[in-house]
Amino acid sequence: MSEDLHALQRRLAEFAAARDWQQYHTPKNLAAALSVEAAELVEIFQWLTPEESATVMSDPRSAGRVEDEVADVLAYLLQFCEALGIDALTALAAKIDRNETRFPAVRQARPDRADRTADRDDRKEGEEGEGRGREE
């Protein structure tokens with residue numbers, strides 16, 4: 001990443017100040033704008049199959065749309081954090097810490113079977129008593 005979050009927040013604040021938009025950047029308005037932009041991101045994927053959604057970035061036109069919406073979501077999130085004095089990276093790190101406690105890892109993923117689908121297949125086979133079984 002070329003710029004840290006604080007530098008981007010400063011740029012966003014300067015951009016808004018130059019246009020006298022700060023008066024509209026209340027936590028309520030920023031939360032609403034964030035929701036709208038997140039919905040616009042969802043809209044891009046709304047009717048795609050899982051396979052199509054996984055390849056959306058291979059088409060330059062759709063990739064540009066996705067990148068624009070991601071930028072809008074991030075911009076409003078950073079402005080929201082600025083308005084409320086939230087350090088986004090500190091908040092994220094704290095949330096990950098809480099989630100690691102709330103949702104402990106069941107087991108270490110095997111390097112050859114690291115994806116979740118494979119893990120679910122292993123559990124299903126183990127429950128049914130069929131298949132090749134689990135390798136521990």
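**Exercise 1.** Determine how helix α1 and helix α4 pack against each other.

*Solution.* Helix α1 (residues 5-18) and helix α4 (residues 60-84) pack at an angle of about 90°, and their axes lie 10 Å apart. Axes here are lines fitted to C-alpha atoms, for helices over the stretch in contact, with angles running from 0 to 180 degrees between N-to-C directions. The two helices, α1 and α4, are therefore roughly perpendicular to each other (a class that spans 65 to 115 degrees). On the α1 side the contact is made by L5, L8, Q9 and L12, and on the α4 side by A75, L78, Q79, C81 and E82; contact means heavy atoms within 4.5 Å. These residues divide into six nonpolar, two polar and one charged.

The model is predicted: local features need pLDDT of at least 70, side-chain atom pairs count only at pLDDT 80 or more, and totals for chains, interfaces and linings use all residues. Residues are numbered from 1 along each chain as its sequence is written, and side-chain values use heavy atoms, leaving out hydrogens and water.

**Exercise 2.** Compare the span of helix α2 with its expected span, then locate its buried and exposed residues.

*Solution.* Helix α2 (residues 27-45) has 19 residues and reaches 28 Å from its first C-alpha to its last, close to the 27 Å expected at 1.5 Å a residue. The expected span is 1.5 Å times one less than the number of residues. Next, L30, A33, E37 and I44 of α2 are buried (under 20% relative accessible area, with a 1.4 Å probe and protein chains only). Seen down the axis of α2, these buried residues fall within an arc of 65°, so they line one face of the helix. The face turned away from the buried side of α2 carries K28 and V42, which are exposed (over 50%). Finally, α4 is included in what covers the buried residues of α2.

**Exercise 3.** Which residues of α4 are buried, and what covers them?

*Solution.* The buried residues of α4 are S62, A63, V66, E69, V73, A75, L78, Q79 and C81. Their cover includes α1, α2 and α5 (88-102).

**Exercise 4.** Where is D20 found, and how accessible is D20?

*Solution.* D20 is found in the loop between α1 and α2. Although not a glycine, D20 has a positive phi of about 55°. Most residues other than glycine have a negative phi. At 48% relative accessibility, D20 counts as partly exposed (between 20% and 50%).

Key: Helices (H or I, at least four residues) and strands (E, at least two) are DSSP runs, numbered from the N terminus. Angles under 35 degrees count as roughly parallel, over 145 as roughly antiparallel, 65 to 115 as roughly perpendicular and the rest as oblique. Ala, Val, Leu, Ile, Met, Phe, Trp, Tyr, Cys and Pro count as nonpolar, Asp, Glu, Lys and Arg as charged, and the others, Gly among them, as polar. The arc is that of the directions from the helix axis to the C-beta atoms.
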